[in-house]
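Work through the exercises below with the model open beside the text. Each one sets a task and then gives a solution in steps.

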Amino acid sequence: MTAILVARAVFPQTLERLRQHFDVEANTEDTIFSKLQLIQRLQGKAGAFTTGSERIDAEVLAACPQLRVVANMAVGYNNFDITACTAAGVLATNTPDVLTETTADFGFALMMAAARRMAESEHFLRRGEWTKWAYDMFTGSDVHGATLGILGMGRIGQGIARRGALGFGMQVIYHNRSRLSAEQEGPINARYVDKATLLKEADHLVLVLPYSAQSHHSIGAAELALMKPTATLTNVARGGIIDDAALALALREGRIAAAALDVFEGEPSVHPDLLTVPNVVLTPHIASATVATRRAMAERAADNLIAALTGAAAPTPINPEVLGRMRPAPPGG
Ligand code: GLV
């Protein structure tokens, strides 16, 4: 029977389903494998069910010659070196679509939390500091009618823009590698602008772009300096897109009003300065975390593995150019 590794803990139902097709080694303790441990566990495995914590690079691929399919339970795949996967004839897959609306809900919620100072005021209340109502207590900025800026206008970015435009009467401006079609821009009245204009005009800026060497520190001190002092910044994309040290300083000095972050450079570590500035909402990478969506993501990753290793079409391949020249299955495997 074809052997696979499920590299992190996952729903028992998903494991059960995978066991109907494969000889499954499961990481039931949910430890995060070092590269060496990952290589050891992948010996003899044709497939890997991974999450963002497993890095699949040229070294891993070379050390695991039987590996043919890597299925990420995430839409983002910066933990995969796709060029190396393609060169090695390894199919990589991810889980787009099934998490779009849930992640857009959370991005919008975080942006609102920053604008209306929800976390900061909640901490104040819990500390027992609330003694009276005051006219200027935790005054924030309006979301309705404000200008919503989106950096990275893919599926999730468009979902957030739709919420803002149709639900809250916001003006949407965006910057992206490519401009949306008139049919996509029309219903939400989205205006394509250059990055500097986006930074200068947004009242609430939301980052939804993939992480790559090109997007590393897309928002640093220079970009933060262009933003309005009343603006908020929300990141539901990936850590490393923002220079967290520069952001913490800008928040402390009031150069922007507030931020909301679900992802961090080097997570699960969080820059210590972010932990001590009050005007930032911090959540532990949970934008897609509803029961239904996490189940759908796990099932999509399993669908991809099962299809790709049984000769069918994987629903959501990242490097479909590999199809037709995938590493061969060993005889009888
Ligand atoms: C989560 O961060 C994902 O990429 O799905």
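A salt bridge is here a side-chain nitrogen of Lys or Arg within 4 Å of a carboxyl oxygen of Asp or Glu. The model is predicted.

**Exercise 1.** Find how many salt bridges cross the interface of domain 1 and domain 2.

Solution.
Step 1. Locate the two parts: the domain assignment gives domain 1 as 3-98 + 291-322 and domain 2 as 100-282.
Step 2. Apply the rule across their interface; one salt bridge is found.
Step 3. Look at Arg 155 and Asp 97, which form a salt bridge with their closest N and O atoms 3.4 Å apart. This pair meets the rule because 4 Å is the cut-off.
Step 4. Turn to polar contacts: four residue pairs make them across the interface of domain 1 and domain 2. The side of domain 1 that touches domain 2 has four nonpolar residues, three polar and one charged.

**Exercise 2.** Describe the contact between domain 1 and domain 2 by its residues and its buried area.

Solution.
Step 1. Begin with the separation: the C-alpha centres of domain 1 and domain 2 are 31 Å apart.
Step 2. Count the residues in contact, which are eight from domain 1 and six from domain 2.
Step 3. Take the area. The size of an interface is often given as the accessible area lost when the parts come together. Between domain 1 and domain 2 about 550 Å² is buried, and carbon and sulfur atoms give 41% of it.
Step 4. Divide the share of domain 1: Asn 78, Asp 97 and Thr 293 supply 66% of the area it buries against domain 2, more than any other three residues.

**Exercise 3.** Which residues are around the ligand?

Solution.
Step 1. List the shell: Ala 74, Val 75, Gly 76, Leu 99, Arg 238, His 285 and Met 297.
Step 2. Sort these residues by type, giving four nonpolar, two polar and one charged.
Step 3. Check the backbone: an N or O atom of Val 75 lies 2.8 Å from a ligand oxygen, and one of Gly 76 lies 2.7 Å from a ligand oxygen.
Step 4. Check the side chains: a polar atom of Arg 238 lies 2.7 Å from an oxygen atom of the ligand.
Step 5. Finish with the cover: on its own the ligand has 200 Å² of accessible area, and the protein covers 86% of this.

Methods: Residues numbered from 1 in each chain as written. Predicted model: local features only at pLDDT ≥ 70, side-chain atom pairs only at ≥ 80, totals over all residues. Heavy atoms only, no water. Domains from an automatic or database assignment. Contact = heavy atoms within 4.5 Å. Buried area = accessible area lost by both parts, 1.4 Å probe. Polar contact = N/O pair within 3.5 Å; in protein donor to acceptor, adjacent residues only side chain to side chain. Nonpolar A, V, L, I, M, F, W, Y, C, P; charged D, E, K, R; others polar. Near = heavy atom within 4 Å. Areas by Shrake-Rupley, 256 points an atom, 1.4 Å probe, with all protein chains shown as cover.
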